[in-house]
Amino acid sequence: MSAGDPSRVGSYHIHTWGCQMNVHDSEKLAGVLEREGYVPATSEDDADVILLNTCSIREKASEKVFSELGRLRRLKRTNSNMLLGVCGCVAQQEGENIYKRAPYVDLVIGPRAIDSIGPALASIRDGGRGALRVTDTEYRSDSIRFPFDEIRRIGESRAKAFVTIIEGCNHRCTYCIVPTTRGREVYRPMADVLQEVRVLARKSVVEIEFLGQTVNAYRDSEGNTLAELLTATAAIDGIRRIRFTTSHPAQMTERLMDAMAAAQPTVCAYLHLPVQSGSSRVLRAMRRGYDRETYLAKIEALRSRIPGMLFGTDIIVGFPGETEDDFLQTITLLDEVQFDTVYSFAYSPRPGTRALELDDDLPPAGKHERLQRLQEHQKGIQAARMATWLGRSVEVLVEGRSKRNEERWTGRTVESRVVNFVGDSAPGRLEWVEITETTPFSLAGRVRASDLDRRRLAPI
Ligand code: 5AD
Ligand code: SF4
């Protein structure tokens, strides 16, 4: 810890795994720490506090945390002042076990208790108390607004902000650990959400992404749903793009689809709609609450309202009892829908879930073989779809420098296509970019005009 500045409590470094909710939770953790006087560490090696914001959705993600802790233990030996905390879903799931497996951990904080981080660190430092665990399953009454607090760090571009509107999940998909780690749904009043969006818009944020495990289950006590929220947000001055994730197909109502269509082009023409499987039999065993036909009908209903809309999805292969025929139905669903983004996973048994009771006769190697076949197949679909962007000019919201190549900028189109490009630009700008190359996963191009003369150019 540096001595000179009395307001400086120490420095922090956060590792983040998992979904968008976790990325945003890390922004909130950073926001809370900075409010307490902490500053971002220049490197992990000299951080006073290291937090692991963890994910437990699949076993691999959980296990990674423990190998990472092993590495940090060595770092802690060289920096005895350092405090090590485990946050997020693994903290919730494992609780006390974390101290058994990694006794050098100072702090375990579940996703519903991240606002406790400041006082918890202070009490460890002041009292020199041993390990502390806060894994409340309900939000604490003195901080009832969390996780909807406005304290956060906005990313590099400062042009985009995530806003949580619903937390938790009331579904009970038989493979999923989320309802256990994140608890039941809680909703933020629409008036609060809109107030926050107005403040963000005044700070020149142009893109808002509403977040929730089942974001389209949103409702508040006044009877507002996501449909009303989208309509009202689109009317706020300065807001150019609205996204929301993750949606549940069963809650993709006509009313919501109509609101999305009416708010074009501000509501982005891309939707992440996890299907999980193309087999109605497997969907029933997963308790997803829809079948193949219903899912396809929802895609059709959206495409007819919003022509040119793109879709992304999540797939689980090798769910207990999935036959080769079930698997092939997932492949034909990919062909039918023509998704532009697919996140696919081999089924991973999770503690406390109903799917553990089902017979599972396909060994992990068989599941991985299906996963590879599916990914190869989808790569072909995406290669063809992405190739159609060649030569087009697209509006890109610039996020920052590309991580892979510092000379390139990176950002996204309205349809959530990643675009890496060269030319004069800056984070937060909306840029017209001409596409000169495509891969199955991203587009590449060059700036067609700077922000200033952009208005003179019409999109192609
Ligand atoms: N095994 C494999 N994948 C899973 N997912 C959720 N639970 C599991 C599991 N037990 C996937 C789903 C979900 C995504 C976030 O993770 O596809 O949509
Ligand atoms: Fe998990 Fe299903 Fe809830 Fe999504 S909807 S978080 S998959 S239980």
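Biologist: Which residues lie nearest the centre of the second largest pocket, and how many residues line it?

Modeller: Happy to walk you through it, with the reminder that this is a predicted model. The lining counts 19 residues, and Arg58, Lys60, Ala346, Ser348 and His368 are the ones nearest the centre. Two or more lining residues come from each of α2 (59-78), β14 (341-346) and α13 (364-387). The volume of this pocket is about 480 Å³.

Biologist: What is the make-up of that lining in nonpolar, polar and charged residues, and which domains does the lining draw on?

Modeller: The lining divides into 10 nonpolar, 4 polar and 5 charged residues. Domain 1 (11-133) and domain 3 (281-387) each supply at least three residues.

Biologist: Let's turn to the ligands. Which residues are around ligand 1?

Modeller: Among them are Ile57, Arg58, Tyr175, Gln276, Asp314, Phe345 and Ser348. To be counted, a residue needs a heavy atom within 4 Å of the ligand.

Biologist: What makes the approach of aspartate 314 to ligand 1 a polar contact?

Modeller: The cut-off for a pair of N or O atoms is 3.5 Å. A polar side-chain atom of aspartate 314 lies 2.6 Å from an oxygen atom of ligand 1, so the pair is within that cut-off. Glutamine 276 also uses its side chain, with an N or O atom 2.7 Å from an oxygen atom of the ligand. With serine 348 it is a backbone N or O atom, 2.8 Å from a nitrogen atom of ligand 1.

Biologist: And which residues are around ligand 2?

Modeller: The list is Cys169, His171, Cys173, Tyr175, Cys176, Val178, Pro179, Thr214, His248 and Arg288. This shell divides into 6 nonpolar, 3 polar and 1 charged.

Biologist: Why is asparagine 53 called buried?

Modeller: Buried means under 20% relative accessible area. Asparagine 53 has 1%, so it counts as buried. You will find asparagine 53 in strand β3 (residues 49-54), and a polar contact of 2.9 Å joins its side chain to that of serine 26.

Biologist: Why does threonine 341 count as buried?

Modeller: Its relative accessible area is 16%, which is under 20%, so threonine 341 is buried. This residue sits in strand β14.

Biologist: What is the backbone phi of glutamine 338?

Modeller: Its phi is positive, about 60 degrees, although the residue is not a glycine. Most residues other than glycine have a negative phi. Serine 204, in the loop between α7 (190-202) and β10 (207-211), also has a positive phi, about 70 degrees.

Biologist: How do you know that serine 247 is buried?

Modeller: The relative accessibility of serine 247 is 2%, which is under 20%, so the label is buried. Serine 247 lies in the loop between β11 (241-245) and α9 (254-262).

Biologist: Which peptide bonds are cis?

Modeller: Most peptide bonds are trans. Among the cis ones is the bond from threonine 245 to threonine 246, with omega near 5 degrees. Another runs from glutamine 264 to proline 265, with omega near 0 degrees.

Definitions and conventions: Residues numbered from 1 in each chain as written. Chains lettered and ligands numbered in written order. Predicted model: local features only at pLDDT ≥ 70, side-chain atom pairs only at ≥ 80, totals over all residues. Heavy atoms only, no water. Nonpolar A, V, L, I, M, F, W, Y, C, P; charged D, E, K, R; others polar. 1 Å grid on protein atoms, 1.4 Å probe; cavity = no way out; pocket = protein on both sides within 12 Å on 5 of 7 lines; lining within 4 Å. Points joined across faces, edges and corners; volume = space filled by probe spheres on them. Helix = DSSP H or I, 4+ residues; strand = E, 2+ residues; numbered from the N terminus. Domains from an automatic or database assignment. Buried < 20%, exposed > 50% of the residue type's maximum accessible area, 1.4 Å probe, protein only. Polar contact = N/O pair within 3.5 Å; in protein donor to acceptor, adjacent residues only side chain to side chain.
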